[in-house]
Amino acid sequence: MKTLFILNEAPYGSERTYNGLRLAGALSKQEGSSVRVFLIGDGASAARKGQKVPQGFYNVEVMLGNVSRHDGEIGICGTCMDARGITDGDIADQTHRSTLAELAEWTAWADKVLVF
């Protein structure tokens, strides 16, 4: 099954991005499953590299890494990055600047689209 996750909440302050990444990570480990994650709006901030969180608190950068280690793809809305002052040098290695056109392609590719 091919699943696309669209995350549009800030990485911290709400648990939507956290829960979306928990499910994306679990699905990415399943045999025959392909996962893509698209970060849009405030969700673009989830891709910042070098996140420092209190001990015992979840780290969404690490969670994105869990998805990519299982061949998941992670795209970030480029317009949303620009609006938030996020440069290509600011994002985690396993992610890439993306476009609405790529989101449209990924949406057509997916068997399921989940929006958090």
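Author: The cut-off for buried is under 20%. Keep in mind that the model is predicted.

Now look for ring partners. The whole structure holds 6 aromatic pairs. One of them joins Phe116 to Phe5: the ring centres are 6.2 Å apart and the planes meet at 25°, so the pair is stacked. The angle limit for that label is under 30 degrees. Phe5 sits in strand β1, and Phe116 in the segment after β5 (112-115), so the pair ties together parts 111 residues apart in sequence. The burial of Phe5 is plain: its relative accessible area is 0%, so it is buried.

A second stacked pair is formed by Phe57 and Tyr58, with 4.6 Å from centre to centre and 20° between the planes. Buried or exposed? Take each ring in turn. Phe57 has 41% relative accessibility and therefore counts as partly exposed. Tyr58, at 16%, counts as buried. This pair belongs to a cluster: ring pairs link Phe57 and Tyr58 with Tyr12 and Tyr18.

Leaving out residues up to four places away in sequence, Met63 touches Tyr18 and Tyr58, along with Leu21 and Arg22. Met63 lies in helix α2. Its relative accessibility is 12%, so it counts as buried. Compare Met63 with Ala24: the two are 39 residues apart in sequence, yet 9.0 Å apart in space, C-alpha to C-alpha.

The largest nonpolar core has 30 residues. Which members touch the most others? They are Leu4, Leu21, Val35, Val37, Leu39 and Ile76. Several elements each give two or more residues: strands β1 (2-7), β2 (34-39) and β3 (73-77), and helices α1 (16-28), α2, α3 (78-83) and α4 (100-109). In soluble globular proteins, nonpolar side chains tend to be buried together.

Leu21 and Ala24 have come up already: Leu21 touches Met63, and Ala24 lies 9.0 Å from Met63, C-alpha to C-alpha.

Follow it. The structure has 6 salt bridges. In one of them the side chains of Glu73 and Arg36 meet at 3.0 Å, N to O. Glu73 is in strand β3 and Arg36 in strand β2, 37 residues apart, and the pair links distant parts of the chain. Glu73 has 34% relative accessibility and so counts as partly exposed. Arg36 has a relative accessible area of 15%, so it is buried. Arg36 has a ring contact too: its charged end sits over the ring of Trp109, 3.9 Å from the ring centre.

Another salt bridge joins Arg97 and Asp82 at 3.1 Å, N to O. Arg97 is in strand β4 (residues 96-98) and Asp82 in helix α3, 15 residues apart. Arg97 is partly exposed, at 33% relative accessible area. Asp82 is exposed, at 51%. Arg97 has a further partner, Asp88, with the closest N and O atoms 2.7 Å apart. Asp88 is partly exposed, at 46%. Shared partners join Asp82, Asp88 and Arg97 into one network.

Now a contrast, back in helix α2. Glu61 lies in this helix (residues 60-69). Why does Glu61 have no salt bridge? The cut-off is 4 Å. The nearest side chain of opposite charge, Lys52, is 7.5 Å away, so Glu61 is buried without a salt bridge. Other residues do surround it. Not counting residues up to four places away in sequence, Glu61 touches Ala46, Arg48, Lys49, Gly50, Gln51, Ala92 and Gln94.

Definitions and conventions
Residues numbered from 1 in each chain as written. Predicted model: local features only at pLDDT ≥ 70, side-chain atom pairs only at ≥ 80, totals over all residues. Heavy atoms only, no water. Helix = DSSP H or I, 4+ residues; strand = E, 2+ residues; numbered from the N terminus. Buried < 20%, exposed > 50% of the residue type's maximum accessible area, 1.4 Å probe, protein only. Lys, Arg positive; Asp, Glu negative; His and termini not counted. Contact = heavy atoms within 4.5 Å. Core = buried A, V, L, I, M, F, W, Y, C linked by side-chain atoms within 4.5 Å. Phe/Tyr/Trp six-rings, centres within 6.5 Å; stacked < 30°, edge-to-face > 60°. Lys NZ or Arg CZ within 6 Å of the ring centre and 35° of its normal.
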